[in-house]
Amino acid sequence: QSAKQVMACLRSIWGGRGPGRLAMLCRRASTSGPLRAQEKLVGDYTVVDHTYDAVVVGAGGAGLRAAFGLAIKGYRTACITKLFPTRSHTIAAQGGINAALGNMEEDNWMWHMYDTVKGSDWLGDQDAIHYMTEQAPQAVIELENYGMPFSRTEGGKIYQRAFGGQSLNYGKGGQAHRCCCVADRTGHSLLHTLYGQSLRHHTRYFIEYFALDLLMEGGQCRGVVALCLEDGTLHRFRAKSTVLATGGYGRAYFSCTSAHTCTGDGIAMANRAGIACEDMEFVQFHPTGIYGAGCLITEGCRGEGGYLLNSKGERFMERYAPTAKDLASRDVVSRSMTLEIQEGRGCGPEADHVHLQLSHLPPEILHTRLPGISETAQIFAGVDVTRDPVPVLPTVHYNMGGVPTNYKGQVIQCDTEAGEDRVIPGLYAAGETACASVHGANRLGANSLLDLVVFGRACANTISEDAKPGDPQPDLSPRAGEQSIANLDRLYHTSDGETHTAELRLSMQKTMHEKAGVFRHGPLLEEGCQDITRVVKQSETDLKLYDKHHVWNTDLVEALELQNLMICALQTVYTASARKETRGAHARDDYPTRIDEYDYSRPVEGQSPLPYDQHWRKHSMALVDEKHNVHLSYRPVIDTTLDEDQCPSVPPQVRVY
């Protein structure tokens, strides 16, 4: 209670001045006193022990929804984040959040489910897709009740715009308007709304704490160990339930829309704990990143009526997706743009990009529904969208793969001997860190914010079913966290090579972009496997760490983030090399067709299914060991919904737009 009073006093003193200073003071107020009672010295490190009912790692949309969902239910919850919550990358989401509200025309959540299954190229688990799309309307209304200021129709209802891959009546009724938005700043609004709710329900924050590793004992997760960036102390958080919500790993690539903090921390933590990650080869390239800068231009531009042009002034998407055109799914649009450039119809002096035309839209539409895009285009491309087209190029945007979970948010592993999924006790994941798998081989636009809130809430609900607030917990082993200390010791005391973290990171990023890009080819992928492995080994023998101090050591943090990125990069390039087909965002020049158990381009009757080891409609599972060897296995796709009578599953078919 005294800590709350101190923070309230600090807020009244500082008001709107110095938010960074206020954050630091509030953090000190909330982590001093009784919370630091279990403090001890281990070698060069001060180790502080904490005990909570639940720990959430990450404070983006998924982390905040899980954290305050638990706090509401009375769980003593800690939220660990390496940056201030409202700086999380969720804030960069622009387009909106999908839900079949039916505010613009008749809609149905089962149509939304059909579109999501189709968008996933039939690699999504249909029980999880069923759950997400059915929960979508309730999730959006909940956000509205929390105060999220959605754009409105003239009648006062939530405005819904068109978005890629969304249709009516199971693909037979034309374009759906299903994307609820706050102009083109939906993620910004969502994050601040959720953060406000978390403060209302007294979620405990540990801000600027870098999570290092999971604490695993006896096959179950017992918490996490984290580094306090302010003073270099180590903190062991003991908890009966741990939620990973650290976002994706877009920064493994040279050009991406991701923040510099998107370094795959949670995915790498799970890997170091012996948990194989799922479908890591599927990396989404957003069609419209600003040429030369990589900044995101939302799909909402095309939803509001914008379109793509080549150097001849042609609306080329009509050739590749005659029905959906510019609102085909993102993998289709990105590949179409790349083909136009490769075939010599690119724009500019280098013929290396295409144009996004918005100048035909009424100025009031640009001002009210796309204000952020107009500003971004002016700053990063020097373009006035009311007069000139925006130069755009596909850029890395989202990771479909991640820590495997079921639709309840529980982390799972495939037990090949038993032929079923096995739950990892005490461990949950949500958001881009997780792979539920609702996105399969390709995510539909505006399904990511939906994923965050639905599965963040699912984690909180599942934890409330599995444990009660204040449940007793066994003591941690005295050796818990030794792996993290050993890694820090190695970085502090043996990183005296010649190559700085930034050089190694750049080498990795360029390799990933060149060898595992929009279009992939067998020999290039094999080179990528060798090159990434070489960079990983070089980081162990030739890394130069300039700063050896414990306080605010950003050099150390970048090295730790590079370690995490390299684990993700290894998993991505090795699984991509192994998957010899084209499916969703994974496009192989040398294997241009999708290889299912049946040939769905003709009637299934009379066909014999391909054996499991000869088709690719299955999830890739990748685990990197301590010697950087990548071990691959596979997990069946779940083709049944939660209730086949209420919502029949969607059988595979040829995917066209």
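Q: How many cavities of 30 Å³ or more does a search of the whole structure find?
A: A cavity is a set of points, on a 1 Å grid over the protein atoms alone, where a 1.4 Å probe fits but cannot get out. Here the search finds six cavities of 30 Å³ or more. This is a predicted model, in which local features need pLDDT of at least 70 and side-chain atom pairs count only at pLDDT 80 or more, while totals for chains, interfaces and linings use all residues. Residues are numbered from 1 along each chain as its sequence is written, and side-chain values use heavy atoms, with hydrogens and water left out.

Q: What volume does the largest cavity have, and which residues line it?
A: A volume is the space filled by probe spheres set on the grid points, which are joined across faces, edges and corners, and lining residues have an atom within 4 Å of a point. The largest cavity has a volume of about 60 Å³. Its lining consists of Val-283, Gln-284, Phe-285, Asp-331, Ser-334, Arg-335, Val-518 and Ala-585. By class, the lining has four nonpolar, two polar and two charged residues. Ala, Val, Leu, Ile, Met, Phe, Trp, Tyr, Cys and Pro count as nonpolar, Asp, Glu, Lys and Arg as charged, and the others, Gly among them, as polar.

Q: What is the order of the open sheet of four strands?
A: Two strands pair if DSSP finds at least two bridges between them. The order in this sheet is E12-E15-E14-E13, with antiparallel pairing. Strands E12 (283-290) and E13 (307-309) stand at the edges with a single partner strand each, so one side of each has no neighbour in the sheet. On average, neighbouring strands of this sheet are turned by 50° against each other, direction ignored.

Q: Which residue stands opposite Val-390 in E15?
A: That residue is Leu-356. E14 (residues 354-357) and E15 (residues 390-399) pair in the antiparallel sense over three bridges. E13 and E14 likewise pair in the antiparallel sense over three bridges, and Leu-309 has His-355 in E14 as its bridge partner.

Q: How is the packing of two helices described?
A: Two packed helices are described by the angle between their axes and the distance between the axes. Axes are lines fitted to C-alpha atoms, for helices over the stretch in contact, with angles running from 0 to 180 degrees between N-to-C directions. For helix H3 (residues 61-72) and helix H13 (residues 448-466), the axes come within 8 Å and cross at roughly 30°. This crossing of H3 and H13 is right-handed, a word that applies if the near helix is turned clockwise from the far one by less than a right angle. The contact (heavy atoms within 4.5 Å) involves residues of H3 including Gly-61, Ala-62 and Gly-69, and residues of H13 including Leu-452, Gly-456 and Ala-460. By class, this contact of H3 with H13 has seven nonpolar, three polar and two charged residues.

Q: Which strands does helix H17 (residues 554-578) lie across?
A: Helix H17 lies across E11, E24 and E25, and runs at about 135° to E24. These strands form an open sheet in the order E11-E24-E25, with antiparallel pairing. E11 (277-278) and E25 (630-636) are the edge strands, each with a single partner, so one side of each is left without a neighbour in the sheet. E11 and E24 (residues 618-624) pair over two bridges, and Cys-277 stands opposite Ala-622 in E24.

Q: Which residues does a cis peptide bond join?
A: The cis bond joins Ala-436 and Ser-437, with omega about 0°. Ser-437 lies in the loop between strand E19 (434-435) and H13.

Methods
On a 1 Å grid over the protein atoms alone, a cavity is a set of points where a 1.4 Å probe fits but cannot get out, and a pocket is an open set with protein on both sides within 12 Å along at least five of seven lines; lining residues have an atom within 4 Å of a point.
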